[in-house]
Structures are given as structure tokens and as C-alpha cells.
Amino acid sequence: MIELTHLPIDLVSVLRSVQSPEAGAVVLFVGTTRETTDGRRTRWLDYEAYPAMAERILADLEAEARRRWPLAGCAIVHRLGRVEVGEASVAVAVSSAHRGPAFEAGQWLIDRLKESAPIWKQEHWADGTCQWVHPGLDLPGTPAGETPP
């Protein structure tokens, strides 16, 4: 399951999508919007993506994880649009016969997703300012409503 959605992430569906009689381990990572980042209070996040490219990269990551680890199931779901504090912005679930491969694959997937997926996060701060954030990309002062280059 690879999905980009503007709706809240249905974690039960994500878990169901990776269940298998062959799997003795299911690992679910859920990234949520935190209230404080580097000492600043977050009001909400906005996520934007280049959907066709993001879905292709997420599918490539899933395929690579399946080559590296003996996975029974794999799901990657990322939220787009406005995400309030406490809400899930990303979910990665994997299942395997044993917990070791499931934990390793899950961590590898979220780490690679953050590095390579064309999904941009705009932090909206309590002081009324905002900033685009992406690993390796620092765009302080990007005006609200503008997508980073």
C-alpha cells in the first residue's frame, strides 16, 4: 500500500494491509505533528508533494525494502495538506516472520522516505511565521503559500 492522502491516516487500515499468516511481527511507525520544535511552538503543518514522483519513489523504496528484508507486507502512507498538532502525518508499517527484519525495514523506510521523497513540510509557528522544511533544504523566510523551488 502506497498512498498520499489529504484525509486523516486510517492506522487500522494500514495495519490490516500488512497482516499475513506468515508474519509473526508487525511494526508500525507513526509520525505525528509535535507542538514544539527547536523551542518554537507549532500551530500546524502543511505538506505538499509532487504526487506522481512521490508515489514512484515510495514504490521504489517499498521494492528495495522487500529485496533487502523478507517482508510479508509493507505500507507507506503520507498525509498532504494541513495537519494539526497530534495528528499523524506519516505511517510506515511492515510485517515479517520475525521482529528483527520488521524493525530494520521500518526504520530504513522512514529514514529513506525523509531523505528522498519530494514531500515538503511547511511549519506554521505560533508567532504567525512559517518555514519550509526538508532534509538538506533550508528555506527560512519562504512566504506562506509559496512552494519551495
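Glu115 is partly exposed, with a relative accessible area of 48%; this class lies between buried (under 20%) and exposed (over 50%), as computed with a 1.4 Å probe on protein chains only. The model is predicted, so that local features require pLDDT of at least 70 and side-chain atom pairs pLDDT 80 or more, while totals for chains, interfaces and linings use all residues. Residues are numbered from 1 along each chain as its sequence is written, and side-chain values use heavy atoms, without hydrogens and water.

Glu115 forms a salt bridge with Arg112, with the closest N and O atoms 3.1 Å apart; a salt bridge is a side-chain nitrogen of Lys or Arg within 4 Å of a carboxyl oxygen of Asp or Glu. The two residues are three positions apart in helix α3, and therefore about one helical turn separates Glu115 and Arg112. Arg112 is also partly exposed, at 25% relative accessibility.

The structure holds ten salt bridges. One of them joins Glu84 to Arg82, with 2.6 Å between the closest N and O atoms. Glu84 has a relative accessible area of 30% and Arg82 one of 42%. Another links Glu87 and Arg79 at 3.3 Å between the closest N and O atoms. Here Glu87 is partly exposed, at 28%, whereas Arg79 is buried, at 6%. Glu64, Arg67 and Arg68 are connected in a network of salt bridges.

Arg82 also takes part in a contact with an aromatic ring: its charged end sits over the ring of Trp44, 3.7 Å from the centre. Such a contact is counted if NZ of Lys or CZ of Arg is within 6 Å of the ring centre and within 35 degrees of the ring normal. Arg40 lies over the face of Trp125, at 4.2 Å from the ring centre.

The largest pocket has a volume of about 440 Å³. A pocket is an open set of points on a 1 Å grid over the protein atoms alone, where a 1.4 Å probe fits and protein lies on both sides within 12 Å along at least five of seven lines; lining residues have an atom within 4 Å of a point. The volume is the space filled by probe spheres set on the points, which are joined across faces, edges and corners. This pocket is lined by 25 residues, of which Arg34, Tyr47, Lys114, Lys121 and Val133 are the closest to its centre. Elements giving two or more residues to the lining include β4 (40-49), α3 (99-116) and β8 (119-125); helices (H or I, at least four residues) and strands (E, at least two) are DSSP runs, numbered from the N terminus.
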